[in-house]
Amino acid sequence: MAQEITNFARFYGVFNKIKCPGDREELKSDLVRQVTGGRTDSLREVTKQEYQDLCASLERTFPDAAVHNAIVAELKRQRSIALHQMQKMGVDTTDWNRINTLCKDPRIAGKMFGQMTAEELADMTIRLRSIERKGGFRHLDEPTAKIINIY
């Protein structure tokens with residue numbers, strides 16, 4: 001049988017938050033055995049449906065870890081959207097100094113990119129879209145424009 005699941009991030013995202021006094025590998029094997037009805041104890045051999053059931057069960061049992069994973073996923077999504085918007089506006093998104101210089105401008109966000117919450121990133125993206133509709137970064141003062149390499 002070919003391996004159906006190749007990315008176990010959802011499982012380990014919750015599993016790593018579990019406080020376990022004993023052997024973690026033994027706990028993982030027991031959880032897999034339970035969800036597969038004793039068919040296997042290897043996470044690599046579970047079917048897609050068994051994997052979904054296992055992750056859902058863990059998320060119900062340990063909701064704090066699931067909430068944390070959802071927050072991290074939303075933060076990653078908002079960062080991606082913001083970086084994409086910057087790219088569309090001509091900002092070199094491979095240079096973190098340029099990204100942070102743009103974000104630190106009080107008219108944009110007032111803080112470094114990595115310190116922003118998902119809500120702040122969403123607000124910044126709205127501001128960037130508004131700037132783009134009004135003609136882009138042409139209205140920025142020249143030192144800021146040179147730092148983010150617009151001209």
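Glutamine 85 is placed in helix α4 (residues 63–88), helices being DSSP runs of H or I with at least four residues, numbered from the N terminus. With a relative accessibility of 2%, glutamine 85 counts as buried; the term buried denotes under 20% relative accessible area, exposed over 50%, and partly exposed the range in between (1.4 Å probe, protein chains only). When residues up to four places away in sequence are not counted, glutamine 85 touches Thr125, Leu128, Arg129 and Glu132, a contact being defined by heavy atoms within 4.5 Å.

The structure is a predicted model, in which local features need pLDDT of at least 70 and side-chain atom pairs count only at pLDDT 80 or more, whereas totals for chains, interfaces and linings use all residues. Residues are numbered from 1 along each chain as its sequence is written, and side-chain values use heavy atoms, with hydrogens and water left out.

Seven helices and zero strands make up the secondary structure of the protein. Of the 151 residues, 33% are buried. Among contacts with a separation of 6 or more, 52% are accounted for by residues 24 or more positions apart. The accessible surface, computed by the Shrake-Rupley method with a 1.4 Å probe, comes to about 9400 Å², and 51% of this area belongs to carbon and sulfur atoms.

Side chains of opposite charge can pair when their charged atoms come close. Ten salt bridges were found in the whole structure, each requiring a side-chain nitrogen of Lys or Arg within 4 Å of a carboxyl oxygen of Asp or Glu. One of these joins glutamate 25 to lysine 28 (3.3 Å, N to O). Because the two residues lie three positions apart in helix α2 (residues 24–36), about one helical turn separates glutamate 25 from lysine 28. Glutamate 25 is partly exposed at 46% relative accessibility, whereas lysine 28 is buried at 12%.

A further salt bridge connects arginine 33 with aspartate 41 (3.7 Å, N to O). Arginine 33 has a relative accessible area of 33% and is partly exposed; aspartate 41, at 36%, is likewise partly exposed. Both residues belong to a salt-bridge network that links Asp30, Arg33 and Asp41. Arginine 98 and aspartate 92 also meet in a salt bridge (3.1 Å, N to O), and aspartate 92 is partly exposed at 28% relative accessibility.

Lysine 134 is located in the loop between α6 (118–133) and α7 (142–147) and counts as exposed, with 69% relative accessibility.
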